[in-house]
Amino acid sequence: MSDPAVLTETDEQTVDMKDIVALCKRRGFIFPASDIYGGLNGFWDYGPLGTELKNNIRDLWWKSMVITPPIGPDGLPVEIVGLDSAIIQNPKAWVASGHVGGFSDPMVDCKETKLRYRADHLMVLVPKDGEGRWIAYQEGAESDEVEKRVKKLGSGRSISAFEPTPLMDIDVADYDKVSAPDTKTQGTLTEPREFNLMFHTYVGATASEDSKVYLRPETAQGIFLNYKNVLDSSRVRVPFGIAQIGKAYRNEVTPRNFIYRSREFEQMEMEWFCHPDEAEKWHEFWITQRKDWWQSIGVKEDDVFIRPHDADELAHYAKDGLGTVDVEFKFPFTAPDFGELEGIAHRCDFDLTQHQEHSGTKMEYIDPVTNERYIPHVIEPAAGLSRGVLAIICSAYTVDESRPSGMYLDFHPSVAPKKAAILPLTAKEDHVPLATELYKELREHYNVDLDIKQNIGKRYARQDEIGTPFCFTIDNDTIEDKTVTVRHRNTMKQERIAMDKVLDYMREELKKF
Ligand code: GAP
């Protein structure tokens, strides 16, 4: 079993990524799953601070979608309701959605090293002269088309999992020249085989084809399966959205780049059901909303990029050409390029039509005013929560050699695991009770930390490393005049304020971000 903490060749080129992974482990953000047993490739555990960070991002997304959804183009608030569907559904649902037949990646094995790779990570597969045959090119090959493809793949993106790729038919002459990363010998790779990414298990006591079920590879289908239930049980009217946050599972051939591509991860997806004639308007609307949202929680403007999919990337459901637009982020391992953080797809009526055909349940919507009957079109902002955690950490990671920690996490306070730390200057008795008093007051309003032990420099360094915006220090002057020192994370500036005004001070300062 490979050690998930060991980075891939791509990671090793970027010192920052190693530092980020080390920080995440040292400070309790993210650990390799089953760490004491050597880990399990593609699985990660969130530690105390990582859990807080992830929950904050999750809750902000939920608030921005379900509790206070945005104001629509007509000036009225849009309507979105929440859902929490089962991870395991009737397997027929995954046949209808296309996942049983088509949710696969091309996989190759190296006959020499016995290592397994995703074919499209090692080579670029280009259709040959419309013959339905494919030629394998490796990075460095000279052709505009190949270079374009290599660039895309280099940014950590894969060719759409749904692309109908006849990968078995590779031009052998070229294929023999392909070499695997871990050997210098050419031609050691097996031909690509399609590998379905869905994990499966069995329900009940007997393991047979009849009892085979799948762990959901996306949260989206749970929403389509409940579209009718939601419509019939609540007062929503088209256009409206259904939002869901939860785990998804993909047996990725090569999980990599820390939590960027893992086998268990979390998604935040919203399916927006609208009239087909209005789909384009809503697509534009959600693209802007989603980009703005990532920025509102601290992703720096220069680090996000909106990229429409090229025509050759369009997914199976994008039949009228609106396609998908990705919100991309400049991860250290993709820089200067960007990698996908969220996809905003126009899924047309693909999913509802498929489920209508396969289940026999009518998915038509009848407009209560005009009596028009239609299957709504769907705009889908589909974000990775796990990938969001990584983007937020990478965006916040700021090198600063002038401070003992050598860096700080410039978290937006809304996502910071701890909003403030209360630090008695010494563990002397008269500092600690005052610090505890302040801590008890603040924790009713914010997630704050009371840190008593170690010298103050080390404690400031720890708070810098975990991205706490403010530190309040209690010292001898506090005993005299009931004032505390405030230290600002980013500037390291210190000022003195009254202890009974700390809560008001925090409220005011947090508004400034
Ligand atoms: N329902 C559409 C859908 O699932 P997707 O682009 O496959 O679309 C949406 O996934 C988001 O989920 C991606 O933008 C990414 O942030 C996240 N994601 C997908 N696969 C992932 C993986 N293996 N590890 C971590 N995040 C992943």
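Glutamate 252 has a polar side-chain atom 2.8 Å from a nitrogen atom of the ligand. I count a polar contact as a pair of N or O atoms within 3.5 Å; within protein, one must be able to donate a hydrogen and the other to accept it, and residues adjacent in sequence count only if both atoms are side-chain atoms. Arginine 250 also has a side-chain N or O atom 2.9 Å from an oxygen atom of the ligand. With leucine 341 the backbone takes part: one of its N or O atoms is 2.9 Å from a ligand oxygen atom. The protein buries 89% of the 550 Å² that the ligand exposes when taken alone; accessible areas come from the Shrake-Rupley method with a 1.4 Å probe, and for residues only the protein chains shown count as cover.

Before I go on, this is a predicted model: local features need pLDDT of at least 70, side-chain atom pairs count only at pLDDT 80 or more, and totals for chains, interfaces and linings use all residues. Numbering starts from 1 along each chain as its sequence is written, and side-chain values use heavy atoms, with hydrogens and water left out.

Helices (H or I, at least four residues) and strands (E, at least two) are DSSP runs, numbered from the N terminus.

Next, the helix pairs. Helix H3 (residues 48-67) packs on helix H10 (residues 279-296) at about 145°, with the axes 12 Å apart. Axes are lines fitted to C-alpha atoms, for helices over the stretch in contact, and angles run from 0 to 180 degrees between N-to-C directions. The contact, meaning heavy atoms within 4.5 Å, uses Ile57, Leu60, Trp61, Ser64 and Met65 of H3 with Trp286, Arg290 and Trp293 of H10. Six of these residues are nonpolar, one is polar and one is charged.

For H9 and helix H11 (residues 350-359), the axes come within 10 Å and cross at roughly 60°. Gln221, Phe224, Leu225 and Tyr227 of H9 meet Asp351, Leu352 and His355 of H11. That contact divides into four nonpolar, two polar and one charged.

Last, the backbone. Most residues other than glycine have a negative phi, and most peptide bonds are trans. The bond from valine 238 to proline 239 is cis, with omega near 5°, and proline 239 is in the loop between helix H9 (220-233) and strand S11 (240-249). Alanine 335 and proline 336 are also joined by a cis bond, omega about 5°; proline 336 lies in the loop between strand S14 (324-329) and S15. Asparagine 257 has a positive phi, near 55°, and lies in the loop between S11 and S12.

Key:
Ala, Val, Leu, Ile, Met, Phe, Trp, Tyr, Cys and Pro count as nonpolar, Asp, Glu, Lys and Arg as charged, and the others, Gly among them, as polar.
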